[in-house]
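I set out to record what I looked up in this entry, beginning with the backbone and ending with the ligand shell.

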Amino acid sequence: MPRVVVFDEFGGPDVLHVVDEPAAPPAVGEVRVRIEAFAVNPLDQMMRSGTGPAIVPLPHARLGVEGTGVVDALGPGVTGLAIGDPVILTAIPDASVRGSYAEYTTVPASRVIARPAGLTVTEAAAVWVAYSTAYGALVEKAGMRPGDHVLITAASGGVGRAAMQIASQIGAVPIAITRHSAKKDALLSAGAAAVIATDHADIADAVRRHTGGAGADIVLDVVMGPGQQDLLKAARPGATLVVAGFLDPRPTPFPAVAPLTIYRYRSFDHTLDAVVVKRMAAFLNAGVRLGTLRPAVGQVFALDDVVEAHRYLEEGRHDGKIVVTVGRLPQPARGHLEGGSRGQRLHLDELAVLPLGDVAGRDRGVRGRVERDQPGDGPRVGARDGGVELARAGAAGPGERVGQHPGEAWPGSR
Ligand SMILES: NC(=O)c1ccc[n+]([C@@H]2O[C@H](COP(=O)([O-])OP(=O)(O)OC[C@H]3O[C@@H](n4cnc5c(N)ncnc54)[C@H](OP(=O)(O)O)[C@@H]3O)[C@@H](O)[C@H]2O)c1
């Protein structure tokens, strides 16, 4: 029986549980998608804890506003899609009913687009919310142009990283904000032209320094709260402020600094509009093809560990997107080990079941650790120290296949 994550009361991560449930057949104009992986977003945490913004009817509420999988069944009248097509989900405003935390979901056919070629399953699961939000806020709302200095809050987060890449692709200048100096180097590697760490620097002073005294042209604020005042001091006269998130729950004083154009970006205002989605998808596909847009997947969990995935988000330990895989990933993982001993260094094409030990995906410069063994289902990958990115790496050598099924050969571990 297909499995789905539900919750019957609002609360902490523990309210989530997995139940068996038949997959609904698609109605007229709908498609059923067999989910391969989904990303965990701050909105999911808010829905689970009952802190808005949407009304969530209980009990038996689902979760999940993005994910990827393959078309599994077509409702009457659906054209342009075929069973087996790899797709990503673009908008699930009724996530409490159709959420992507499941083995199957059924959505209107207009809410899926072809999975961008060149992304792994875990990357594809994590791409839409972050990149459509950053694109929508910066391009559709703020009209970002080449040369614009763009101040990006929570730059190490999913939306922030996407915003830095999108600004760079357009020729704008992304200035990243983080609360921690320790993240500076990572943000520069992730594409920031400059990084302001608020534990050591004053935002307005630093922005003036980086913009020749002019100030930022665009401010993307996904944090809000009293800290927004510091962003406004860093904006040039006539700048644009786009508010797209609310990581800081404290009240936000009215932005009295003028002249300033202020927009509030709400995803579903855009991602339910087929014309805008077409633009977003075209931009995304071009960026993936050129290699300028690529989501950073931080931690990967299995469906049975969904509570742990939420705990990870809640504790703010993530670095890059948190992704949950559903069932077995479609292709067996391949790769090879260097060094001979268990789990020292490897190249992989996709997430795999790995033996215990340290792992490193050299090509993506990331590290991680296999944290625990799960009897009956093989050991799984957990992540620490910047996260495991076990997707798409170097070529697999002939015959050097990493076992995905319990008992399968693991080169170097014999
Ligand atoms: N409007 C929309 O349609 C829309 C769509 C998507 C997301 N959002 C919202 O946008 C926000 C960001 O989403 P995301 O997925 O990028 O989140 P995320 O990946 O969870 O962001 C994590 C980063 O945010 C920073 N951060 C966390 N709490 C903070 C705080 N209180 N003050 C300052 N920085 C904080 C941290 O960076 P440092 O430690 O480096 O400071 C952290 O690494 C969320 O509020 C989300 O709900 C809105």
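**Backbone and ligand shell**

I counted 22 C-beta neighbours inside 10 Å of Ala154, so Ala154 counts as buried; buried means 20 or more other C-beta atoms within 10 Å of a residue's own, exposed means 12 or fewer, and partly exposed lies in between, with C-beta atoms placed from the backbone. I worked on a predicted model, in which local features need pLDDT of at least 70, side-chain atom pairs count only at pLDDT 80 or more, and totals for chains, interfaces and linings use all residues. Residues are numbered from 1 along each chain as its sequence is written.

I noted a positive phi, near 40 degrees, at Ala154, which lies in the loop between strand S8 (149–152) and H5. Helices (H or I, at least four residues) and strands (E, at least two) are DSSP runs, numbered from the N terminus.

With 19 C-beta neighbours inside 10 Å, Met224 counts as partly exposed. Most residues other than glycine have a negative phi, and most peptide bonds are trans.

I then looked up cis peptide bonds. One runs from Gly52 to Pro53, with omega near 0 degrees; another joins Leu58 and Pro59, with omega about -5 degrees. Pro53 lies in the loop between H1 and strand S4 (67–74), and Pro59 is placed in the loop between H1 and S4.

Which residues are closest to the ligand? Among the 26 that surround it, they are Ala154, Gly157, Thr178, Gly245 and Ser267, where near means a C-beta atom, placed from the backbone, within 6 Å. H5 gives the largest share of this shell, 3 residues.
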